[in-house]
Amino acid sequence: MSRLIVISNRVSAATGGKKGAQGGLAVALSAALSEMGGIWFGWSGEQTDEFTGQITMQREGGFTTATVDLEEQDIEEYYNGYANRTLWPLFHYRIDLAEYERGYAGGYQRTNERFADTVRPLIEDDDAVWVQDYHMIPLGAELRNRGVHNRIGFFLHTPWPPRRLLSTLPEAKDLVETMFAYDVIGFHTEEWLQSFSDFATLEMGARAEGDFLHFRNRRVRMLVCPIGIDAEEFRTLSQGDTARQTYEQMMRSANGRSMIVGVDRLDYSKGLEERFLGYERFLLEHPEERRGVFLLQIAPPSRASVDSYQRIRASLEKLSGHINGALADLDWVPLRYVNEGYPRDVLAGVYRASSIGLVTPLRDGMNLVAKEYIAAQDPEDPGVLILSRFTGAAAQMTEAILINPHSAEEISDAIGRALKMPREERIRRWKALMEGVQREDVIWWRQRFTDALFEVPLAA
Ligand code: GDG
């Protein structure tokens, strides 16, 4: 049987089988790897003085992880540079924040070549290779250059930007050309897939035929494959001791008030400023509701060495201070803003105690928090999900209250509507959402992708 070789920027730390310590993606990929056997390869997250390609192998839970250290220049140009300062903002439609530097592009290419050199000897003839995300777009082409004829798939976890935006990237065509080395390319939504196809056909002369794109002598299959969560695991987590204690603690602290919750990595794509402004608008427009609600925003800092992340952090501190300064009372604080991460079982309890899940990204490939919020609810008395229509999740979660996050009025109206929503309507919406979260879960996602990959005929 074929083994699976998963390649991603970071490899999830081995957790000794402790459920709940990993995120959904790690759970899904480790399950696939344990079932099929294989290797998960990526950067260790560590820095070394000089790149040697020395691999650290660890065997755990039925599969092997293989990691490699990078040198300082690689980390600066490939990870902090091209991945986080160029591609991430561009792929989230923020060309105002994207930095186009030849040094970053060169470092990205060099580091991907280093990854290819390092992982190449681990790949056997029958293996299928699955590359994850925007850090590693040229990796498939580099593997082909090193004689890998195996099936190779690529999955993009972020949006793919519209053609005219992608055209601002100096090396856009070269980058897209490398993607024709893959056999299957997966996106969360039809919209991201269509943007990719538009660029390839209209800017580069590729030919579309059904699900396939033809370019020069290559043919790739494009696949819509929305990622899910491990719904069962999350539901179990939300009924465990820690989640229950957290739930009780939160209910006591809410003291009869309705809690609204947001949970996001601190990132400008998540629409946190817009969320705060929408919530402030609700408080200003509905003074009578004020003391009956509060917003808990959990936002663990990420990518702190990148300037744009320092700026968004400073701006949110200012805005939350302003809202609390203007509106708080002796025994009521409208906004609890916490820059810390919490274990997943604590988060599950927080979600369950919240009357509203407020998810307002300006752009998001999928957004797993929306799905986790639904999975954690009490079926008898579920909360209401307010979801930005610019997330991948909105294409599936149509029973949420869908809003435009750029409009403070829409956020304010949605909060008012959610607070007043009758229980029967809450239950009806939640049931439909939960059914989707359970049906199209993370196991479904990886099965859908690997099925498509194994349908590809092997090169003669
Ligand atoms: C990228 C794409 C796509 C958050 N705070 C804590 C914590 N989290 C967990 C959440 C959730 C995960 O992090 C975040 O996932 P998202 O999907 O919301 O967002 P990104 O990190 O931007 O992920 C995204 C995803 O890839 C998968 O394809 O959906 O669009 O941008 O699981 O629960 N986890 C813990 N403590 C926290 O404080 N333990």
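**Entry 1: β6 and its neighbours**

I began with strand β6 and strand β7 (residues 184-187), which run parallel and are joined by three bridges. This is a predicted model, so I am reading computed positions here. I looked up who sits across from Phe155, and its bridge partner in β7 is Gly186.

Next I turned to strand β5 (residues 128-132). Four bridges join β5 to β6, and these two strands run parallel. Val129 has Ile152 as its bridge partner in β6.

I then followed the chain between those strands.

Are the faces of β6 (residues 152-155) buried or exposed? I found both faces covered: Ile152 and Phe154 are buried on one side, and Gly153 and Phe155 are buried on the other.

**Entry 2: the second largest pocket**

I moved on to the second largest pocket, which has a volume of about 460 Å³. I counted on the lining list for this one: 25 residues line the pocket. Nearest its centre lie Met251, Arg352, Ala353, Ser355 and Asp381.

Which element gives the most to the lining of this pocket? I got α9, with five residues. The elements that each supply at least two lining residues are α8 (231-239), α9 (241-254), β11 (258-263), α12 (344-353) and α15 (408-420).

Last, I sorted the lining of the second largest pocket by class. I noted 12 nonpolar, seven polar and six charged residues.

Key. Residues are numbered from 1 along each chain as its sequence is written. This is a predicted model: local features need pLDDT of at least 70, side-chain atom pairs count only at pLDDT 80 or more; totals for chains, interfaces and linings use all residues. Side-chain values use heavy atoms; hydrogens and water are left out. On a 1 Å grid over the protein atoms alone, a cavity is a set of points where a 1.4 Å probe fits but cannot get out, and a pocket is an open set with protein on both sides within 12 Å along at least five of seven lines; lining residues have an atom within 4 Å of a point. Grid points are joined across faces, edges and corners, and a volume is the space filled by probe spheres set on the points. Ala, Val, Leu, Ile, Met, Phe, Trp, Tyr, Cys and Pro count as nonpolar, Asp, Glu, Lys and Arg as charged, and the others, Gly among them, as polar. Buried means under 20% relative accessible area, exposed over 50%, partly exposed in between (1.4 Å probe, protein chains only). Two strands pair if DSSP finds at least two bridges between them.
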